[in-house]
Amino acid sequence: MMRSLTTIATCFALTLTATARANDPRAVTIVEGAIDLTRGISSYAELSMTIHRPDWERSSSLVAWTRGRDDALIRFTAPAKDAGNATLKDGPKMWTFTPKLNRVIRLPYSMMAQDWAGSDFSYNDLSRTDQLLTEYTLELIDEQVVDGHAQYRIRATPHDDAPVVWGKEELLLRDDYVLIEQVFYDQAMQPLKRLEAREIGELGGRTFATRMRMIKLDEPDHWTEMSYTQAAFDIDIDDAMFTVFALQSGRSR
Amino acid sequence: MKMPLILLLQLGWRNLWRQRRRNFMLLAAILVAVGGVVLINSLIRGFQYDMMEDAVENLTGHVKVLAPGYRDDPSIVQGFELADGWQPSVPTAELEGWTRRVRVPAVVMSERETRGLNLVGIDPADERDLSFLGTVAMSGERLRDADDSHIVLGRELLTQLDTKVGRRVVVITQGADGLNREAGFRVIGAFDAEGTALEKAFAFTGRTALQRLLDTDAVTEISVRLTDDAHSAEASAELARELPSLQVMDWRQLEPLAAAMFEYSDAAIFVWFLIVMIALAFGLVNTLITAVMERVREFGMLRAIGMRPGQIVLQVLVESTLVMLLGLGGGVVLGMGLVAYFADGIDLSAWAQGVEMAGLRSVLVPRLMAEDVVLVTTLSLVLGLLGSAYPAWRAVSVKPLDALRRGT
């Protein structure tokens, strides 16, 4: 389903087994609401991605399949230069495939913090899953009604021993669990990057942020936008889709 | 007739004074050469022993015990467990200290950067006499004990990661079951080693804290430091007997580059010394030949009044030996004076970058070794005698009559 892709793209997927040590029950409920939406559902989506830099801008198209919160396969379809490049995620493990080299590369953990496909999303943004509930303390710090929806601002502070580099994160969630904004702060509490919803719409029968932009705040004019053109939810996906073989064989159906 | 040696010495000594300027020049040349050789030798020795100590302190120790596969696959899977209360069976008098460590490859991440390094779980108390950690400059705090779950990084790494003491970094490494472990560690201190290589290569945390993260009781190495490198072979053999299933290696095997440089320095000292001394010997030969040729008439006269050729040879040798002895004595004193003058070390920090690249410390302290001085003096004397044999032979090869007939 759509949300689960959004999830992957925003490190927002949350585990069902999460036993929250968080201390604000309302904040936990809101975040868990998002979990319920993404639980064990498959999705197919077509997206366009725009990478913007001060002196250039590049657009590409991609297709993505997800299943549950663990499995995802993302493949570029345009431009021709990048077509076929693909990323497979299976639990915490990730592989990439480049048809020009005809090689599958298992991503070492040292690379997970690096940018994915030259964008402003890191591999971690794609692969991190349930951390918000397990590794953070969640607090509801603000509540407002905007355009008929209640919006909740939640502060997520990582536990002291959490495998999280951020100082804190702030999430802005709507009462229908649409993510409006997520800001990542460094440990000096300076905002480092911000994920924001640019358009909220309905696709494939669900309402979610159909256009999202990840903005690097320490580098001016650096952002990457993901925009959904097609989406389908609760579809049947062959088990073989999320395998290294499928990654390499370049299947797109 | 037999001439007493004392008379030859007297004659030689007076002859030296007949050519003051020339002999002073010769003396000065020997003085400078010997003094220079003594100083340079002790600088090379200083460099050599610095290198050995660095190699040993660089978490190596004189002798190290590893699991057999660890060098090919340095992970916790290649660890081993030690019985409680285990002690290395090295005589206490020869043992400076020992410790066990857990050393695993890891990835360290900050908000902005990611770096790979060796994460080492240590017993901070043990490291004090054992490795560079005992003496290294630190900002922030040191690890308190083996259970301390904070992390200490190198200063250079801190800069690269764009983080600070007090911040949290994320460490990713492989656990004993082969699966990955991730944990946040708070940085409590940064060490400032000489040279950035160590600063980038190692991060430290408490040993038992790291074992907890990796789910293991195993360690990956035992490191033993001895009071003197001379005991290394013996201690290695002893440890190999005690721990037959493990691999025992000394620092020469673990740091082959440093060991090769160490051997090379020995050769370098000798070669350097030979070159200087042979050059000096030619100078000596040259001066003596001139001196001898000037005195052909004198030697002819001495022969004519009954001095034996052998005694003339002996006299020339006595003269050159006197100069050599004076030069050597003065040269050694000069060299020792120079070494004493530089005893605080020569500050190379103006060339810090190049020096660090060459693996040198930024302060080079000369190390005067008695055997080097003995080598310099005896070899110089031998070379001096050999060098003056030819002029001496020239002195007696002229027939007395011809010699007398020559002018002057």
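Predicted model: local features only at pLDDT ≥ 70, side-chain atom pairs only at ≥ 80, totals over all residues.
Residues are numbered from 1 along each chain as its sequence is written, and chains are lettered from A in the order in which they are written. Local features need pLDDT of at least 70 and side-chain atom pairs count only at pLDDT 80 or more, while totals for chains, interfaces and linings use all residues.

**View 1. Domains of chain B.** Chain B is divided into domain 1 (5-55 + 259-405) and domain 2 (61-251), with bounds from an automatic or database domain assignment. The centres of the two domains, taken over C-alpha atoms, are 49 Å apart. Mean pLDDT (the predictor's confidence in each residue, from 0 to 100) is 86 for chain B, and 96% of its residues reach 70 or more.

**View 2. Contact between chains A and B.** In this interface, 14 residues of chain A are in contact with 15 residues of chain B; contact requires C-beta atoms, placed from the backbone, within 7 Å. The chain A side consists of nine nonpolar, two polar and three charged residues. Ala, Val, Leu, Ile, Met, Phe, Trp, Tyr, Cys and Pro count as nonpolar, Asp, Glu, Lys and Arg as charged, and the others, Gly among them, as polar. For the complex, the predictor gives an ipTM of 0.75 and a pTM of 0.72.

**View 3. Helices α9 and α13 of chain B.** Helices (H or I, at least four residues) and strands (E, at least two) are DSSP runs, numbered from the N terminus. Helix α9 (residues 256-294) and helix α13 (residues 370-397) of chain B pack at about 30°, with axes 9 Å apart. Axes are lines fitted to C-alpha atoms, for helices over the stretch in contact, and angles run from 0 to 180 degrees between N-to-C directions. The two helices are therefore roughly parallel (under 35 degrees; over 145 is roughly antiparallel, 65 to 115 roughly perpendicular and the rest oblique). Contact residues include B:Phe273 and B:Met277 of α9(B) and B:Leu383 and B:Tyr390 of α13(B). By class, the contact has 15 nonpolar, four polar and two charged residues.

**View 4. Helices α2 and α11 of chain B.** Helix α2 (residues 20-57) and helix α11 (residues 309-341) of chain B pack at about 40°, with axes 7 Å apart. This angle makes α2(B) oblique to α11(B). Their contact has 17 nonpolar, seven polar and no charged residues.

**View 5. Two loops of chain A.** The peptide bond from A:Ala78 to A:Pro79 is cis, with omega near -5°. A:Pro79 lies in the loop between β3 (71-78) and β4 (86-90). A:Asp221, in the loop between β12 (206-216) and β13 (222-233), has a positive phi, near 65°.

Notes:
Contact = placed C-beta atoms within 7 Å.
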